[in-house]
Amino acid sequence: MATKYSPLSFPVFSSLLLILLATISSRAEAIKVHGFSSIKEATVHDIQLAFKQNQLTSRKLVELYLKQISILNPVLKGVLEVNPDALYQADKADHERKFKAPGSLSALHGIPILLKDNIATKDKLNTTAGSYALLSSVVPRDAGVNPYTLGDPCGSSSGSAISVAANMATVSIGTETDASILCPSSNNLVVGIKPTVGLTSRAGVIPISERQDSVGPICRTVADAVYVLDAIAGIDHNDNATIQTSQYIPKGGYAQFLNSDGLRGKRLGIVRAFYNFGNDTIISRTVEQHLKTLRQRGAILVDNLENANILRDDISSSSEGTALNAEFKKYINAYLKELVSSPVRSLTDLIAFNKKNSKLERLDIYDQELFITAEATNGFGNAEKAALKNLAKLTREGFVTLMTKNKLDALVTPRYSVSRILAIGGFPGVIVPAGFDSDKVPFGLCFGGLKGSEPKLIEIAYGFEQATKIRKPPTFKT
């Protein structure tokens, strides 16, 4: 799904964020601005330092990213929309910084951010999840193409991943129900954090499942992703799950866990069933070298673990699908009814719109069988209750047992193979660039943990990133 671009202040974050709302794509040029050398691979720290030293303004930064979007988006098709108030909001951020307004010293102040297009913004931008059916809908409030191969970028948050991979924005935000942060992050050689469900608010996000939906950062570095997580984690009374989950947020935030020696003493589990690479010896050798690096940096690898329940993909897939169908109908209907104005008010309306506008919505490529299946559900009957019971049992006797029995800090898996396990249990995961396979497709190494384990996962992910530094920008002709 594409992202949307618009520098504006999130009211809920008291002007902490300058949002580039758009769906995005591609590669960035090295552009010099006074003493600031380049936006290419520029980090939050680089940009804030340039602000502080008067080498860069938010207006100039936005102008540079807008230029990159205009050059690259025709190829990568990542940006759906640009906020017409982008430069005004940038000027406002510059003014706030000049007079040291409250919030102007925060890590993300004045920095453009890309949002996935299912995250509501009460401004001049649309919130459509890529659907023409929701064009011109008005939300009640703000929401708390692979550039390396030009192939499948993977997952509905692919626009968010493409954008930062190709240096179209500094940082971005995506959402995940199952793999939609972890998969595109893996395929686009960027960092993705899929938080514990409820750690970040889902209010105002076009929903699938309150049980599995999560909002998280997709960035080029672990540090930048953590700065975004610090900004978006917290209580939102429009999402009750955040109230209980806020107990996991550490005093002082998450940035304190950016420890380059964070691997030392961590117990990392390895289930070899996730390490089947077929005939791809390149990725196999690369992953084994990474495991060696983890050991050298002080991690304790608990290898060759087995748990039958963690591998029951047939049951988990079927049960997850059954539950999600009923949940999607319930939550999408509630979302549509809450809109201030909208051409559609229910899943039934969406299906009818798609049938009437089949060419516009490309039903020949993107059918709506999932919509039709969800519409056919009638609340939570015996089948849905059995599915939820199966998922709870698989989680309890699978991942939770594996982690607690072996006293693990994280489970280490290549690519996004662990996504369903983390999804059905509401568990967090952090994925970090790890290299390329034999087809030159990027892949990441994922560290998954129990609910609220973000501090440990950040230490592990940052330690691995600093030890390997695999990340590099894509290169291709526009």
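**Ground rules**

I number residues from 1 along each chain as its sequence is written, and I use heavy atoms for side-chain values, with hydrogens and water left out. Since the model is predicted, local features need pLDDT of at least 70 and side-chain atom pairs count only at pLDDT 80 or more, while totals for chains, interfaces and linings use all residues.

**Cysteines**

I looked for disulfides (a pair of cysteine sulfur atoms within 2.5 Å) and got 1. C154 and C183 form it, with their sulfur atoms 1.3 Å apart. The pair links distant parts of the chain, 29 residues apart: C154 sits in the loop between β4 (112-116) and α4 (158-165), and C183 in helix α5 (residues 182-187). For these labels, helices (H or I, at least four residues) and strands (E, at least two) are DSSP runs, numbered from the N terminus. I noted 80 degrees about the S-S bond, and the link is right-handed.

Are C154 and C183 buried or exposed? Both are buried, meaning under 20% relative accessible area; exposed is over 50% and partly exposed lies in between (1.4 Å probe, protein chains only). I checked C219 too, and it counts as buried because its relative accessibility is 0%. C446 is buried as well, with a relative accessible area of 0%.

**Cores**

Next I looked up nonpolar cores (sets of buried Ala, Val, Leu, Ile, Met, Phe, Trp, Tyr and Cys residues joined through side-chain atoms within 4.5 Å). The largest has 77 residues, and L268, L294, L411 and F447 have the most contacts inside it. Helix α6 (residues 222-232) gives the most to this core, with 8 residues. A second, separate core of 12 residues includes A133, I206, F328 and I332.

**Helix pairs**

I then took helix α6 with helix α14 (residues 454-468): their axes come within 10 Å and cross at roughly 155 degrees. My axes are lines fitted to C-alpha atoms, for helices over the stretch in contact, with angles from 0 to 180 degrees between N-to-C directions. That makes α6 roughly antiparallel to α14, a label for angles over 145 degrees. On the α6 side, V222, A223, V226 and L229 make the contact (heavy atoms within 4.5 Å). On the α14 side I listed E454, I458, A461, Y462 and E465.

Last, I looked at helix α2 (residues 58-76) and helix α3 (residues 86-98), which pack at about 150 degrees with axes 7 Å apart. They are therefore roughly antiparallel to each other.

Conventions
Angles under 35 degrees count as roughly parallel, over 145 as roughly antiparallel, 65 to 115 as roughly perpendicular and the rest as oblique.
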